[in-house]
Amino acid sequence: MRVRRFADLHLPACKRSVGQTRRALAALVPEGDVADNGKLLVSEAVANAVEHTDSEQVRVILDHDDASGELVCAVRDTSTHTPVATRTADMDAENGRGLHLIDTLADAWGYVTDSHGKWIWFSLTVAA
């Protein structure tokens, strides 16, 4: 039987929303690599939306397929600036690693703009 777990969060664009998103993902996805990497990457995506845009609200969609183990996360902010994953991110720096981590750890990722701003999305699957 195929079970999908889904959450659609509308959060204020503030630092505490990062933790709220992590807790929502933890409640949605069973423990393991997908959950661990998902919490890290969605935290980075929400933190980027909070720190680098003028958004008042951040929307987060979490979609987990229990049968396949696939997790898809999407974060929307009101900025239309193109996100760029810096390939030479300094891993000791306090900032600048978020999209680099997403680019490195996600199976796929991208962004799409809409009339409200942009969505950053990524997907993770269980390793074979």
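Guide: Buried means a relative accessible area under 20%, exposed means over 50%, and partly exposed lies in between, with a 1.4 Å probe and protein chains only. This is a predicted model, in which local features need pLDDT of at least 70 and side-chain atom pairs count only at pLDDT 80 or more, while totals for chains, interfaces and linings use all residues. Residues are numbered from 1 along each chain as its sequence is written, and side-chain values use heavy atoms, with hydrogens and water left out.

Visitor: How many salt bridges does the count come to?

Guide: A salt bridge is a side-chain nitrogen of Lys or Arg within 4 Å of a carboxyl oxygen of Asp or Glu. When this rule is applied, the number of salt bridges is seven.

Visitor: How many residues apart in sequence are the parts that Asp63 and Arg4 tie together?

Guide: Asp63 and Arg4 form a salt bridge whose closest N and O atoms are 2.9 Å apart. Strand S2 (residues 57-65) holds Asp63 and strand S1 (residues 4-12) holds Arg4, so the parts that the pair ties together are separated in sequence by 59 residues. Strands here are DSSP runs of E with at least two residues, numbered from the N terminus, and the separation asked for is 59 residues.

Visitor: Is Asp65, which meets Arg4 in a salt bridge, buried or exposed?

Guide: The side chains of Asp65 and Arg4 come to 3.3 Å, N to O, and this pair links S2 with S1 across 61 residues. Arg4 is partly exposed, at a relative accessible area of 48%. Asp65, in contrast, has a relative accessibility of 1% and therefore counts as buried.

Visitor: Which residue forms a salt bridge with Asp114?

Guide: The closest N and O atoms of this salt bridge are 3.7 Å apart, and the partner of Asp114 is Arg76. The pair links strand S4 (residues 108-114), where Asp114 lies, with strand S3 (residues 71-77), 38 residues apart.

Visitor: Why is S3 largely enclosed by the rest of the structure?

Guide: Two strands pair if DSSP finds at least two bridges between them, and S3 pairs with S2 in the antiparallel sense over six bridges. S3 also pairs in the antiparallel sense with strand S5 (residues 117-124), over seven bridges. S3 is largely enclosed because its buried residues number six of the seven.

Methods. Helix = DSSP H or I, 4+ residues; strand = E, 2+ residues; numbered from the N terminus.
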